[in-house]
Amino acid sequence: MNDKLLLGRSIETGSWVHKLDARAKITGMLLYVAVILLSRSWMAMALLALFSIAVMISTRIPLKYFLKAAKPLRYLMLFIFIVQLLSVKEGSVWLSIGSLSLHDGGLRLGSFAVIRMLFLITFTALLTFTTTPGKLNQGLEGILSPFKKLGLSPDRITLMLSIALRFIPTILDEAQIIMKAQASRGADLNELPLKEKGRMLVSLLVPIITSAFRRAQDLVYSMEARGFRMDAPRSQYHRLRWGAADTVFVIMFVVMGVAVSLV
Amino acid sequence: MNETSKDQDKEAGENQTVISLEGVSFGYSPEHPILQNITLTIPQGQWVCLVGPNGCGKSTLVKLLNALLPKSAGEIVVCGQKLEEETIGYIRQSIGMVFQNPDNQFIGATVEEDILFGLEGLCLSHAEMESRLHSYTQRLGIDHLLAKHPGELSGGQKQRVAIASILAMEPGIVIFDEASSMLDEGSRDELMGILHDMRAEGKYTILMITHDADEILATDRVLALQGGGLVADVTPAELFLNAELLERCHLQEPYAWGLAHELQKRGIQIDVPASEKELIDTLWP
């Protein structure tokens, strides 16, 4: 499966997680972020890993898809690890080369940061893998509906999010086409020195943004031609239903939060 | 109701004007008008083709019909309703539009969501949406693609989804804005098959923008635009027999016509055929 296609798309396996109400999954994910922040020891990390992997396996989606979701951020994770390793001067020194010294604390905090980030990305990918964008929108709308009183428009926010998600692969395609067109005229991004690369990237941005605006205009025409009007009433084909399994799912995360903060 | 009155009703329906433009003009600035003083009427059930060189205002004209662009002057009446701010909703329900690029008109993240987008906007009941979703996807042969994402579909399949999304809203008028120009030969034939079926049903008025001679030949009437004005209102046969008009519209006669004319010049007595198949059948009965 193409990496690009994994962005924001659901993978249907019919597992129990797929059948949950989108609102329960979004709440679960928000609680998961809290669980990650509460995990401050190796024991808590191990517990977090066990829980996360167990839930991922229960979706019946191959684990490699979750790892693929984290792959684009591997260099960022490496960078964070190195920064932590070099900057934290707590605990005993385990390696010293000239003025450079690496401490236990740096290794521990660097590892924690990478593990947290890895689980955050892979586990939150579970939300998009197990929920169709339409249901995700409905779930978000449901979660954000109390903010209507504050003047927020949940349907506008979810519409923007769904269109943005829907257009990521299209814009990536467009970028590839423009890069190939420039390479065919002798400006291959991969073979240029770093300084030139930066300049080339700027020249890439202009056609990509222009094309994105053109596509956005076409999409607006298409939406309006199908009678779409912002804030006009709409019926819903798929209705969300909160069941006992949804409550259990949310409680699982609360219990995990308590468990990791105790160990 | 007896057969005669049914026929009379059908005839009355067929002759009823569904699109009427009176002195319609459009321009982004008064100094640079794109369309000038367009006056025309289209009766119910007709398959009309809009032709003309690039930039002559064809797409602009169809976008004026359902207020995707605001007219600068004139009057537009669609299905008996004068186009005004209050009637835009009704008119957009009456007119469906299929655009050129199938990628840019895919709104939902899946085929099902894309078709439901328009239906949910009509505030239909769940049962009605389900019935239309399955009926139109079956009709267009895409019922097995409901869970697919746009990235998993071919250009032809995406265009079928776009047509199903429009037809499911049950408009009386369907506009195809160069809908076949980005399709391969097979998908283009499929699209033409769908259009022929729609005409046979009799309940649709079709307005199509194209540069393809064979597609033009299939229609009932040709409206030619040039420089922002309507320069001809003819039948496809009249268009292809008028060399000057063909040149003005940057069009070529259909391949079968050209071949038949060349054969006639060489003394072979042959009628001008309606299609390549008809030409082959005439030559080798």
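**Exercise 1.** Which exposed residues does the face of H5(A) turned away from its buried side carry?

*Solution.* This is a predicted model, in which local features need pLDDT of at least 70, side-chain atom pairs count only at pLDDT 80 or more, and totals for chains, interfaces and linings use all residues. Residues are numbered from 1 along each chain as its sequence is written, chains are lettered from A and ligands numbered from 1 in the order in which they are written, and side-chain values use heavy atoms, without hydrogens and water.

Step 1. Helix H5 of chain A spans residues 63-70, and its buried residues are Tyr65(A), Phe66(A) and Ala70(A) (buried means under 20% relative accessible area, exposed over 50%, with a 1.4 Å probe and protein chains only).

Step 2. These residues lie on the same side of H5(A), because they cover an arc of only 150° around the axis (taken from the directions from the helix axis to the C-beta atoms).

Step 3. The face turned away from that buried side carries the exposed Lys64(A) and Leu67(A).

**Exercise 2.** Determine how many salt bridges the rule finds across the interface of chain A and chain B.

*Solution.*

Step 1. In contact (heavy atoms within 4.5 Å) are 25 residues of chain A and 41 residues of chain B.

Step 2. A salt bridge requires a side-chain nitrogen of Lys or Arg within 4 Å of a carboxyl oxygen of Asp or Glu. The rule finds 4 across this interface.

Step 3. Arg226(A) forms a salt bridge with Asp114(B), with the closest N and O atoms 3.4 Å apart.

How values were computed: Helices (H or I, at least four residues) and strands (E, at least two) are DSSP runs, numbered from the N terminus.
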